[in-house]
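Reader: I'm new to this one. Could you walk me through how to read it?

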Amino acid sequence: MAAGKDSQLIVEVVDEGPGVPPEHQSRIFDRFYRVDSARSREWGGAGLGLAIARWAVEIHGGQITLESVEGRGSTFRVALPSTALKEERS
């Protein structure tokens, strides 16, 4: 985590997995959305993780974004105003 020039705290989560295909990227933070339609609840997950992450970030005035290249991995970037951290410590 690092403080940015615009008084933001930035956290990046980077992987080298298969990436998210472009046609799925706009919906990746939607509740119950799964990229792989073959995955069911019995195989794990409810499709809520990224929706919850987005809610948690936005409730604190931040933004979560995805940058992904199919076959090369993904970067999830969380940007929070530095004031959010100060409020939590008070």
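Reader: Let's start with H24: where is its place?

Author: In helix 1, residues 22-25; helices (H or I, at least four residues) and strands (E, at least two) are DSSP runs, numbered from the N terminus. Keep in mind that this is a predicted model, where local features need pLDDT of at least 70, side-chain atom pairs count only at pLDDT 80 or more, and totals for chains, interfaces and linings use all residues. Residues are numbered from 1 along each chain as its sequence is written, and side-chain values use heavy atoms, with hydrogens and water left out.

Reader: Does H24 count as buried or exposed?

Author: Buried means under 20% relative accessible area, exposed over 50%, partly exposed in between (1.4 Å probe, protein chains only). H24 has 16% relative accessibility, so it counts as buried.

Reader: Which residues make up the largest nonpolar core?

Author: In soluble globular proteins, nonpolar side chains tend to be buried together. A core here is a set of buried Ala, Val, Leu, Ile, Met, Phe, Trp, Tyr and Cys residues joined through side-chain atoms within 4.5 Å. The largest has eight: V20, I28, F29, V57, I64, L66, F76 and V78. Strand 3 (63-69) and strand 4 (73-81) are the elements giving two or more residues to this core.

Reader: And how many salt bridges are there?

Author: Look for a side-chain nitrogen of Lys or Arg within 4 Å of a carboxyl oxygen of Asp or Glu. The count comes to three. In one of them, R77 meets E12 at 2.6 Å, N to O; R77 is in strand 4 and E12 in strand 2 (residues 8-15), 65 residues apart. E67 also bridges to R77, at 2.7 Å, and shared partners join E12, E67 and R77 into one network.
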